[in-house]
Amino acid sequence: MDRLHLMTVFVAVAEEAGFAAGARRLGMSPAAVTRAVAALEERLGVRLLERSTRLVRATEAGQRYLDDARRILQQLDEADEAAAGLNAAPRGRLAVTAPVLFGRMYVMPGIVDYLRRYPGTEVNAMFVDRVVNLLEEGQDVAVRIGELADSSLRALPVGRVRRIICAAPSYIAEHGAPAHPSQLDAHTIIASTSASIAPEWRFRHDDAVHAYRVRPRLAVTTMDAAIDAARRGLGLVRLLSYQAAPWLASGELAVVLGGYELPHVPIHIVHRDGRHGSARIHAFIDLLAERLRGDPALA
């Protein structure tokens with residue numbers, strides 16, 4: 001069998017964590033996919049995948065091969081696109097990741113627009129509240145909120161947000177608003193355990209940053225649920241400003257302790273890019289960047 005075909009099949013099976021799922025992605029039969037992976041393992045003389053009745057995952061050797069195979073296939077796609085010229089329409093599969101709520105509110109509308117604009121493309125979107133390793137998890141583009149660690153990834157600034165404390169007007173009317181962060185202990189705290197926000201809430205005052213440990217009375221696993229509880233008047237919740245924007249605009253939430261906020265948090269689109277670049281990646285980044293930069297909630 002053709003080596004590039006075997007490599008493509010292996011990558012699909014490894015990324016989908018299953019032979020049947022990999023076969024569906026490639027439009028092949030499961031039997032043909034199984035034969036291709038077996039042929040590749042025989043050719044290399046090493047087991048690439050651990051198989052069980054419930055899960056397929058890469059072995060240590062398989063993970064190294066997967067990283068190399070992804071890079072090779074990406075370079076081939078880029079070479080094809082470079083040869084076709086800059087005016088060639090984007091085509092092929094794009095993998096995108098973003099935080100859950102940001103992905104639903106801001107990235108998904110961009111994905112829909114992208115797919116409508118470029119019929120030859122398809123998108124696999126992964127919305128999770130953690131930092132995704134683009135190379136290891138086969139992602140092409142990510143939206144990151146927060147300061148970036150040094151890396152080989154390319155980064156494009158597209159906006160900024162604030163960390164804010166919010167409560168419903170009904171809660172404020174009944175319990176009052178804290179006038180200083182030191183008064184948080186006297187209030188009901190709502191927290192999302194999925195958020196990358198520490199149990200210490202940080203504020204700036206007296207020319208320094210101060211941390212206040214909070215004890216949530218309600219801890220939930222999604223930010224949507226935390227926002228819902230706050231809108232119902234239960235207590236104070238810490239959010240990024242984009243998460244609260246619709247409810248601040250409708251008057252269902254209000255900001256408290258606004259005078260003690262930390263500096264803005266940047267938003268970047270980050271991506272892996274090769275020597276030639278990829279038309280499908282660049283087209284998506286250009287589209288999403290224009291949408292995000294034009295949104296007043298992210299300014």
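This is a predicted model: local features need pLDDT of at least 70, side-chain atom pairs count only at pLDDT 80 or more; totals for chains, interfaces and linings use all residues.
Visitor: Which residues of helix 3 are buried?

Guide: Buried means under 20% relative accessible area, exposed means over 50%, and partly exposed lies in between, with a 1.4 Å probe and protein chains only. An α-helix has 3.6 residues a turn, so residues three or four places apart point the same way. In helix 3 the buried residues are Ala-32, Val-33, Ala-36, Val-37, Leu-40 and Glu-41, and just after this helix Gly-45 takes a positive phi of about 75°.

Visitor: Where in helix 5 does a kink lie?

Guide: The bend at a residue is the angle between axes fitted to the seven residues ending there and the seven starting there. In helix 5 a kink of about 45° lies at Val-107, shortly before the proline Pro-109. The 18 residues of this helix (residues 100-117) should span 26 Å at 1.5 Å a residue, and the end C-alpha atoms are 24 Å apart, which agrees. Val-107 is itself buried, as are Tyr-106 and Gly-110, among others in helix 5.

Visitor: What span does helix 9 reach from its first C-alpha to its last?

Guide: Helix 9 (residues 279-293), with 15 residues, reaches 21 Å, close to the 21 Å expected. Its buried residues include Arg-280, Phe-284, Leu-288 and Leu-292.

Visitor: How is the chain divided into domains?

Guide: Domain bounds come from an automatic or database domain assignment. Here they give domain 1 (3-82), domain 2 (90-158 + 265-294) and domain 3 (163-256), and the centres of domain 1 and domain 2, taken over C-alpha atoms, are separated by 24 Å.

Visitor: Which domains each give at least three residues to the lining of the second largest pocket?

Guide: On a 1 Å grid over the protein atoms alone, a cavity is a set of points where a 1.4 Å probe fits but cannot get out, whereas a pocket is an open set with protein on both sides within 12 Å along at least five of seven lines, and lining residues have an atom within 4 Å of a point. The domains in question are domain 1 and domain 2. The space in this pocket is about 590 Å³, a volume being the space filled by probe spheres set on grid points joined across faces, edges and corners. Of its 21 lining residues, the closest to the centre are Arg-25, Leu-73, Asp-77, Arg-93 and Arg-280. Helix 4 supplies the largest share, 6 residues, and the lining divides into 5 nonpolar, 4 polar and 12 charged, where Ala, Val, Leu, Ile, Met, Phe, Trp, Tyr, Cys and Pro count as nonpolar, Asp, Glu, Lys and Arg as charged, and the others, Gly among them, as polar.

Visitor: How many cavities of 30 Å³ or more does the rule count?

Guide: The count comes to 1, and the largest cavity has a volume of about 40 Å³. Strand 7 gives the most to its lining, with 3 residues, and the lining residues are 7 nonpolar, no polar and 4 charged. Among them are Ile-164, Phe-203, Arg-238 and Tyr-260.

Visitor: Is Asp-207 buried or exposed?

Guide: At 77% relative accessibility, Asp-207 counts as exposed; this residue sits in the loop between strand 9 and strand 10 (208-213). Most residues other than glycine have a negative phi, and most peptide bonds are trans. Phi of Asp-207, however, is positive, near 60°. Ala-17, in the loop between helix 1 and helix 2, also has a positive phi, near 60°, and counts as partly exposed at 34% relative accessibility.

Methods. Residues are numbered from 1 along each chain as its sequence is written. Side-chain values use heavy atoms; hydrogens and water are left out. Helices (H or I, at least four residues) and strands (E, at least two) are DSSP runs, numbered from the N terminus. The expected span of a helix is 1.5 Å times one less than its number of residues.
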